[in-house]
Amino acid sequence: MASLTLLRSFRTRLSATVAATAAIVAIAASLVPAQTRFKLDNNKYTLEQDVKVGQEAAAQVSKELPLLNDARTEEWVEQVGRELAEAIPAEFSHPPFRYTFDVINQKEINAFALPGGPMFLNRGMIEAGMSEAEVAGVMGHEIAHVALRHGTAQATKGERFQLGALAGQVLGAVIGGTAGGLIAQGSQFGLGTYFLKFGREYERQADLLGAQILARAGYDPRQMANMFKTIESQSGGSRQPEWMSSHPNPGNRYDAILREAALLKVQGNADSGQFTSIKSRLAGMSPALTAEQIAKGNASKTGNTSGGTTSGGTRPAVRVEPPSNQGRTYRPANFLTLTVPANWRSSSGSDNVVTYAPAGGFGDNGFTHGLQVGVLQNGTGNLQRDTEQMIQSFARSNPSLRQQEGFTRDTLGGRTGLTTVLSNVSDATGEAESVTISTTQLRGNTVLFLIGVAPQREASTYTNTFRRVRQTLQISDQ
Ligand SMILES: [Zn+2]
């Protein structure tokens with residue numbers, strides 16, 4: 001104890017000296033005010049790969065989300081976006097990148113940009129903005145993420161255990177929070193997370209470089225801080241706008257932007273003077289769609305019900321063959337094998353979740369019988385906490401989901417696992433269903449999860465099946 005106290009007081013003195021030095025440096029720096037400088041993070045992708053994955057993801061977004069397709073609004077957004085893109089500092093203006101700007105006819109306040117430059121702005125974001133400069137503020141922030149290559153830098157750090165295709169699952173992250181079922185939710189932890197949800201350091205960089213871009217383009221960068229306040233003020237109840245959850249406040253966000261703004265000189269005036277007329281134009285259209293309406297529309301369009309959401313309400317359960325006693329072994333990722341009943345088939349879709357289900361258990365009738373395997377990225381390293389968070393995330397889009405018991409500690413792939421059983425009401429059939437969730441820790445704060453789903457009345461059969469599958473799991477992630 002005594003030595004610990006000594007060490008503490010020693011440290012205190014040391015840090016006082018460091019603080020004094022820092023103060024001198026700060027005074028010296030304040031004589032020559034300089035804007036914040038950035039450097040690109042380690043990135044294993046080429047610029048061309050940024051463009052490629054971004055365009056693939058953008059094609060998926062354009063296919064599945066309703067674009068506004070209003071020429072006047074699009075022209076205005078493109079004009080604002082072009083001014084901003086041209087104002088990117090030379091060191092971050094990567095020649096292969098193409099900045100494009102589309103408006104999604106969606107009500108929720110959100111915007112996102114994909115690697116290499118495609119940006120999507122929800123109509124709700126424009127409707128919430130108080131001025132062109134505020135909307136430009138969000139766009140400048142998004143452009144900064146792209147220019148700093150945050151999406152692929154993040155993927156560089158954490159892609160080791162990714163399942164499925166590289167370009168997948170932006171959609172789950174975009175609409176999964178408010179709509180869709182277990183698959184869309186599961187995919188939130190996939191690659192979409194890399195492209196769309198950033199940590200505090202990247203947020204800080206995007207705020208400050210965004211402010212620089214705004215000033216160079218001719219917008220007052222303080223309006224970016226105002227827009228963030230506007231977005232925050234729109235949060236209804238406990239649900240914060242999607243944009244705020246994917247762009248977390250790095251701390252002192254407004255002050256930091258205002259401080260940076262004080263170092264910047266706004267170059268000219270870019271305001272097009274069109275904002276008021278664009279807003280009244282939007283106000284005259286039929287209301288934007290909610291995320292839920294969009295997800296339901298997609299489910300009825302494609303027949304892929306994303307875990308149960310259907311447009312026509314509940315449907316009668318189809319007859320599903322019971323699990324075979326024979327097994328079939330699959331290798332959903334190079335570090336993972338498992339054996340499932342031989343009458344189940346695998347489907348991996350474009351998300352990072354692989355589904356094993358009998359005929360009729362997954363498809364037009366929703367996901368009613370079978371098992372999904374996926375990987376949760378960017379965990380905390382605490383398996384129970386990560387599992388609880390995953391369940392909370394599922395519960396947001398499955399309001400009837402209830403945990404029935406505590407976690408059982410078991411063995412999964414030769415290591416410690418957690419299993420718990422939950423009850424739910426199937427969106428597809430309207431009937432009670434049983435959901436078994438098992439997790440185990442992989443390397444690099446990554447979590448492997450298995451989700452077994454079966455109707456409550458068949459739960460005893462499937463509980464045994466899921467246990468058998470868990471026992472066959474082999475993991476080699478060393
Ligand atoms: Zn951000």
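Throughout this passage, a residue is called buried when its relative accessible area is under 20%, exposed when it is over 50%, and partly exposed in between (1.4 Å probe, protein chains only). The structure is a predicted model, in which local features need pLDDT of at least 70 and side-chain atom pairs count only at pLDDT 80 or more, while totals for chains, interfaces and linings use all residues. Residues are numbered from 1 along each chain as its sequence is written, and side-chain values use heavy atoms, with hydrogens and water left out.

The protein has a mean pLDDT (the predictor's confidence in each residue, from 0 to 100) of 79, and 76% of its residues reach 70 or more. Helices (H or I, at least four residues) and strands (E, at least two) are DSSP runs, numbered from the N terminus. Helix α5 (residues 132–147) has the highest confidence, at a mean of 98, whereas helix α8 (residues 182–187) has the lowest, at 32. Two further stretches stay under 50: residues 1–30, with zero contacts (heavy atoms within 4.5 Å) beyond four places in sequence, and residues 303–316, with 43 such contacts. Where pLDDT is low, the predicted coordinates should not be read in detail.

As for the overall fold, the protein contains 17 helices and 16 strands. Of its 478 residues, 54% count as buried. Among contacts with a separation of 6 or more, 69% join residues 24 or more positions apart.

Distant parts of the chain are linked here, since His141 belongs to helix α5 and Glu203 to helix α10 (residues 200–217), 62 residues apart. His141 is buried, with a relative accessible area of 0%, and Glu203 is likewise buried, at 0%.

Two other helices complete the picture. Arg123 lies in helix α4 (residues 123–128) and is buried, with a relative accessible area of 2%. Beyond four places in sequence, Arg123 touches residues including Leu68, Asn105, Gln106, Met285 and Pro287. Glu75, by contrast, lies in helix α3 (residues 71–86) and counts as exposed, at 52% relative accessibility.
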